[in-house]
Amino acid sequence: MHFNELNLSQELLRAVDELGYTEMTEIQQQSIPLLLEGRDVVGRSNTGTGKTAAFGIPAVESITEADRKSAVVLILCPTRELAMQAAEELRKFAKFKEGVKVSAVYGGASMEKQIHELKRGANIIIGTPGRVMDHIRRRTLKLENIRTVILDEADEMLNMGFREDIESILADVPEDRQTVLFSATMPKEIMALTEKYQNDPVHIKIKSAQRTVELIEQFYFEVAMGRKTDALKLLLAAYKPASAMIFCNTKAMVDQLTEELVKSGFRAAGLHGDMKQIQRTQVMNSFKNKTAEILVATDVAARGIDVSGVDAVFNYDLPQDNEYYIHRIGRTGRAGRTGTAYTLISGRRQLYDLRAIEKYTHADIREMPLPEKSDIIAMKKESLVKEIAETQAGHNAYDILDRLASQGIDYREAAARILEKQLRAETESLPDFERAKPLKKGRNSGAKTVKIVINIGRNRRIAPNFILGALVDATGMTGKDFGKIDIFDEHTTVEVPETEYEYIIDSTDSMKINGNKVEVKLYKGGESGFRRSRRPDDKPHFDRKKAAYGGKKKSEIYSDYIPNRKKRMKKRH
Ligand code: ADP
Ligand code: MG
């Protein structure tokens with residue numbers, strides 16, 4: 001559906017046209033008509049689907065001559081960037097319409113300037129909840145004429161702890177207002193807000209997540225512990241994305257990684273919430289105008305920022321939330337173009353976490369071997385051949401060759417030296433390391449098994465499901481990764497795939513079973529191998545007599561226990 005099929009004013013149609021929009025996105029098609037009618041709406045749609053225009057066009061359209069003096073539309077956004085960005089976009093919609101004054105209010109910027117703007121009769125206010133509250137308290141923003149409140153990225157605002165501010169603002173706005181809520185996810189908390197503050201809202205849910213995700217090719221790389229940065233440098237050198245976003249989970253990691261990349265000659269810039277406003281704007285601009293080709297960011301800092309044309313997304317850290325994975329990789333492959341997402345994982349825990357993401361998103365995330373330095377050199381050679389084949393020699397170059405020849409360096413030798421120099425310059429800083437040992441995925445299916453032993457048994461009223469539950473929790477593996485469990489008086493043995501036992505022992509370091517801190521070792525047969533009397537956490541009521549025989553009585557073995565797979569699987573999801 002085209003914008004001009006809507007009942008919009010000529011001024012708005014002209015602005016939309018100038019922006020190059022022709023077809024509406026799904027969320028726009030469904031929400032704009034309702035919003036123009038004044039209905040309350042809850043809109044759920046993924047990042048990059050044009051939500052700003054979905055609420056921004058009706059907001060601008062609603063402004064009339066009578067609104068010249070006071071705030072009538074209030075839009076809340078989670079971050080300064082989003083507020084600025086939305087304000088910028090709304091000003092574009094308002095370009096040909098007189099009397100629309102958009103003002104952005106957010107922290108980290110001059111209060112005076114904002115107050116001045118508000119006083120001069122801004123009628124659409126876009127701000128972060130904290131700063132909006134500030135202005136309300138100072139009476140520099142009055143809510144009595146507000147007739148539309150829009151919460152953009154509502155889920156993120158709640159995540160960031162703005163619930164109280166939001167509720168306080170909503171409680172103060174006149175009751176006969178229109179309340180609009182946009183969100184990429186719809187957790188319970190949002191439903192509660194909807195119930196409490198909206199009036200007969202229309203729910204719109206656009207299922208575009210799957211579609212965009214399907215357009216994105218997704219790969220993962222196994223990297224040895226502590227070598228993710230090196231791996232990333234190799235990948236960037238190998239794939240040479242013209243623009244890439246790299247996601248980390250912490251601000252410290254953003255800073256550290258950005259510094260490392262810059263040191264290695266990549267044009268990278270970092271973005272996170274602790275940076276000053278000016279810095280953040282600079283970073284965004286440098287990425288948009290391609291002075292920086294790599295943007296390293298946290299989820300929150302990147303959320304909702306309109307960056308288009310990203311060739312590749314790298315998950316340096318696995319996202320802490322499955323939904324974040326979709327948001328992150330949605331940065332690439334926008335507007336029907338295919339993109340690529342790469343995820344780095346170290347160790348088995350992360351492999352299992354990645355499997356969980358794969359299941360959640362129904363995506364196909366394929367493993368790829370990391371390129372090696374020699375692969376990249378080979379690629380560079382290829383591109384050098386191409387490059388040189390396409391270059392014309394200038395007259396200045398020949399006399400250099402002649403002078404070299406007079407020193408006994410013939411053309412072939414001279415060319416080799418020049419190429420060598422260039423190749424070295426381009427690949428010298430690349431890390432050279434072996435690929436991580438592949439983690440075996442075909443567990444338990446005929447694979448060799450060993451036994452681990454846990455120093456707890458029937459004496460502590462242990463049942464097989466306690467053991468299995470604790471192991472699954474500690475390792476992130478699934479119940480079916482574990483084999484037979486034998487419970488003795490003082491210890492328990494569990495059959496595990498040989499390839500996994502070291503990982504299991506590592507990750508059960510602080511495991512507790514039934515409240516008891518336990519120790520886990522490789523089982524060598526015979527007795528449990530634990531020297532009980534020297535263990536500091538042996539309980540005083542411990543029956544030493546029994547312990548002397550406990551490990552040997554094969555007849556007392558708990559019957560072969562094969563875990564109830566279905567039940568266990570269900571419990572984890
Ligand atoms: P969201 O808030 O859903 O993440 P945005 O509102 O930031 O998405 O829009 C993402 C991008 O799509 C922006 O660059 C915006 O200008 C562009 N866009 C929005 N609507 C349309 C449209 N109908 N046609 C073309 N581009 C659009
Ligand atoms: Mg948005």
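This is a predicted model: local features need pLDDT of at least 70, side-chain atom pairs count only at pLDDT 80 or more; totals for chains, interfaces and linings use all residues.

Modeller: Two strands count as paired if DSSP finds at least two bridges between them. That criterion is needed for the part I have picked, strand β6, residues 178-183.

I start with how far β6 is covered. A residue is called buried when its relative accessible area is under 20%. By that cut-off, 6 of the 6 residues of β6 are buried, so the strand is largely enclosed by the rest of the structure. The burial applies to both faces of β6. One side carries Gln178, Val180 and Phe182, the other carries Thr179, Leu181 and Ser183, and all of these are buried. For the protein as a whole, buried residues make up 51% of the 573 residues.

Next come the strands that pair with β6. Strand β1, residues 41-44, runs parallel to β6 and is joined to it by 4 bridges. Within that pairing, Arg44 has Ser183 of β6 as its bridge partner. Strand β5, residues 148-151, also pairs with β6 in the parallel sense, over 4 bridges. Here Thr148 is bridged to Gln178 of β6.

β6 also has a part in covering helix α2, residues 26-37. The buried residues of α2 are Ile27, Gln28, Ser31, Ile32, Leu34 and Leu35. Their cover includes β6, along with β1, α3 (51-62) and β7 (202-205). Just after α2, Gly38 adopts a positive phi of about 95 degrees.

Helix α8 covers residues 163-172 and helix α9 covers residues 188-197; their axes are 11 Å apart, and the packing angle is about 15 degrees. Angles under 35 degrees count as roughly parallel, and α8 and α9 are therefore roughly parallel to each other. The crossing of α8 past α9 is right-handed. From α8, the contact is made by Arg163, Ile166, Glu167, Leu170 and Ala171, and from α9 by Glu189, Leu193, Lys196 and Tyr197. Sorted by class, the contact of α8 with α9 has 5 nonpolar and 4 charged residues, and no polar ones.

The loop between α9 and β7 contains Asp200. Asp200 is not a glycine, yet its phi is positive, at about 50 degrees. Asp200 is exposed, with a relative accessible area of 54%. Lys240 sits in the loop between α11 (228-239) and β9.

Helix α5, residues 111-119, and helix α6, residues 129-137, have axes that come within 12 Å and cross at roughly 65 degrees. α5 and α6 are therefore roughly perpendicular to each other. The crossing of α5 past α6 is right-handed. Met111, Gln114, Ile115 and Leu118 of α5 make the contact with Arg131, Asp134 and His135 of α6. By class, that contact of α5 with α6 has 3 nonpolar, 2 polar and 2 charged residues.

Phe314 is placed opposite Tyr342 of β13.

The secondary structure of the protein comes to 23 helices and 20 strands. Among contacts between residues at least 6 apart in sequence, 76% join residues at least 24 apart. To return to the part I picked, β6 pairs in parallel with β1 and with β5, and both of its faces are covered.

Notes:
Residues are numbered from 1 along each chain as its sequence is written. Chains are lettered from A and ligands numbered from 1 in the order in which they are written. Side-chain values use heavy atoms; hydrogens and water are left out. Buried means under 20% relative accessible area, exposed over 50%, partly exposed in between (1.4 Å probe, protein chains only). Helices (H or I, at least four residues) and strands (E, at least two) are DSSP runs, numbered from the N terminus. Axes are lines fitted to C-alpha atoms, for helices over the stretch in contact, and angles run from 0 to 180 degrees between N-to-C directions. Angles under 35 degrees count as roughly parallel, over 145 as roughly antiparallel, 65 to 115 as roughly perpendicular and the rest as oblique. A crossing is left-handed if the near helix is turned anticlockwise from the far one by less than a right angle, and right-handed if clockwise. Contact means heavy atoms within 4.5 Å. Ala, Val, Leu, Ile, Met, Phe, Trp, Tyr, Cys and Pro count as nonpolar, Asp, Glu, Lys and Arg as charged, and the others, Gly among them, as polar.
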